[in-house]
Amino acid sequence: MKRKSYKSRSVWIDITFSIAIVLLTLSAIFLVFTTEHGPTASPPDRNGSTGVPTETEQIDSNYPGIKIITKTSNDKNAPFAIQYPQSIHTNFNTEVKNYITEVQSRFMEMMIEKKRHDNNTTGELNISYETLPHASGYYSFVLVNSSSFSDTPHGNTEIRSFHLNPETGESFSIRDLFEGDANRLQTLSSLVRGSIHKDKTLKGHLLEQDMERFIEPRWMNYRNFAITDDALIIYFDEDTIADSLVGPPIVSISNDHIQNLLAVTFKPDVTEDEMEIVDRVSEEVSTEEKDIGKSDDTSANSDVKDDEESEISPPVETVRKRVALTFDDGPDPKVTRQILETLQKHDAKATFFMLGSRVEYYSDIVNEVKEAGHELGNHTWTHANLTKLGPERIAKEIEKTSAIIEEVTGQQVASFRPPYGAVNEAIHNMTGLPIVLWDVDTLDWKYRDSARILQVVKEHVKDGSIILMHDIHQSTADGLNAVLTYLESEGYDFVTVGEL
């Protein structure tokens with residue numbers, strides 16, 4: 001009896017041992033597979049989650065009824081920094097969030113596919129946006145989605161627009177803008193064609209065979225746009241009307257050319273329009289007269305001083321004029337590097353006011369800026385309007401940015417520029433840094449027109465000026481060489497804000 005029991009236990013021991021061996025073998029195979037294939041063993045979800053915590057912040061924007069949502073992830077393989085607008089209207093919020101989810105999903109699918117071929121591949125995703133208001137009360141939100149991967153030399157940039165009346169929740173399309181009139185659309189198509197051929201930044205990059213297909217009078221071709229009080233801005237995808245070297249082409253049509261084509265909602269009342277024109281012209285004339293007066297006074301005083309000095313002492317070296325070039329909202333993996341090359345060409349130094357959220361993801365570019373001898377400035381972490389925040393949040397926006405810049409470069413931040421130039425006594429007392437604004441605003445963020453930047457500089461620059469530009473717009477990088485060439489011809493030296 002005992003012998004039979006012993007044999008029974010022996011059989012069960014053998015079975016248990018065999019099962020254990022099988023389980024260990026399967027575990028070993030699983031570990032090997034996981035090591036070789038990385039993310040494919042546990043793919044991220046549709047929202048791009050990889051198990052790394054995502055930090056989400058919500059703050060008021062500079063525009064009534066709109067909040068800024070910021071999401072960041074420190075995933076070492078696929079970090080992202082995303083900003084998008086949020087309103088009180090569900091339909092608008094859903095539309096924007098669906099786009100954000102779609103972009104993240106596309107990015108992570110591409111990331112997984114690349115890691116199947118090379119597990120060391122890394123990627124970065126950045127989504128930022130701008131708000132362009134119109135007198136009608138509508139906002140145009142322009143979202144810029146930039147993704148890059150370590151195994152490809154150039155990243156991809158995509159622009160999408162959304163539109164909203166923040167009070168009513170209504171949206172509008174390009175069809176609404178022109179009341180669905182096919183003849184007006186035909187006129188718009190002709191205006192766009194003319195603008196494209198006049199754009200010097202597109203010369204040599206146009207895809208002539210494909211271009212006509214993307215600018216022909218079809219509503220779908222003009223679905224991405226923004227309307228401001230000055231212009232209608234059309235955004236095209238990369239590799240449509242021009243090659244990818246120029247990024248997504250942006251075409252700006254002056255409202256002077258389309259006023260008669262616009263729907264009544266977007267056409268100012270005649271009386272008000274006339275008054276606005278009168279006020280604008282009067283203001284511009286007044287400003288020009290003041291600038292001319294100051295310039296004449298300065299020249300006169302300079303001439304008198306030079307005459308006096310020539311009578312008293314031998315000629316001395318002429319004191320040259322100085323100007324400080326400043327760039328906000330970067331760094332950007334493509335545009336900032338192009339700007340650095342242009343600055344080096346002219347032996348020019350500048351000051352870069354950086355966003356902490358972008359410094360964290362583009363640390364290599366930050367160091368390139370530093371090594372080139374340029375000055376590093378603080379522009380907050382999320383580009384928040386600090387005057388609408390409490391003391392704790394203000395301190396976090398500033399201190400966190402200064403800390404990351406110092407951590408990345410080993411160099412302390414030299415100055416601070418508040419987003420939108422919005423500053424009050426509380427912010428002055430909390431920064432501990434010199435606050436730097438500007439006197440020449442190129443409005444490069446608004447018009448995306450490289451030629452217009454030079455025009456603004458010519459009209460407003462003077463000795464000691466601080467010029468505001470942004471190193472996140474391709475048009476700014478394209479227009480910088482002409483600006484520096486002009487300033488050199490006018491006898492200006494380029495200095496940092498600290499030197500100025």
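Select T476 first: leaving aside its neighbours within four places in sequence, T476 is in contact with F327, D444, I453, M469 and H470, where contact means heavy atoms within 4.5 Å. The model is a predicted one, in which local features need pLDDT of at least 70, side-chain atom pairs count only at pLDDT 80 or more, and totals for chains, interfaces and linings use all residues. Residues are numbered from 1 along each chain as its sequence is written, and side-chain values use heavy atoms, with hydrogens and water left out.

T476 lies in helix α14; helices (H or I, at least four residues) and strands (E, at least two) are DSSP runs, numbered from the N terminus. With a relative accessible area of 0%, T476 is buried. Buried denotes under 20% relative accessible area, exposed over 50%, and partly exposed in between, with a 1.4 Å probe and protein chains only.

Next, display helix α14 (residues 474-489) together with helix α7 (residues 335-345): their axes come within 9 Å and cross at roughly 5 degrees. Axes are lines fitted to C-alpha atoms, for helices over the stretch in contact, and angles run from 0 to 180 degrees between N-to-C directions. Helix α7 is therefore roughly parallel to α14, a term for angles under 35 degrees; over 145 is roughly antiparallel, 65 to 115 roughly perpendicular, and the rest oblique. To see the contact, select V335, Q338, I339, T342, L343 and K345 of α7 with Q474, A477, D478, L480, N481 and L484 of α14. By class, this contact has six nonpolar, four polar and two charged residues. Ala, Val, Leu, Ile, Met, Phe, Trp, Tyr, Cys and Pro count as nonpolar, Asp, Glu, Lys and Arg as charged, and the others, Gly among them, as polar.

Now turn to the open sheet, whose six strands follow the order β1-β2-β3-β4-β5-β6 with mixed pairing; two strands pair if DSSP finds at least two bridges between them. Its edge strands, β1 (54-60) and β6 (156-164), each pair on one side only. Direction ignored, neighbouring strands of this sheet are turned by 20 degrees against each other on average. Helix α2 (residues 90-117) packs on the sheet and touches β3 (80-86), β4 (123-133), β5 (139-149) and β6. The direction of α2 makes about 10 degrees with that of β5.

Select T56 and its bridge partner in β2, K71.

Finally, show the whole protein chain, which has 14 helices and 16 strands. Buried residues make up 44% of its 500 residues.
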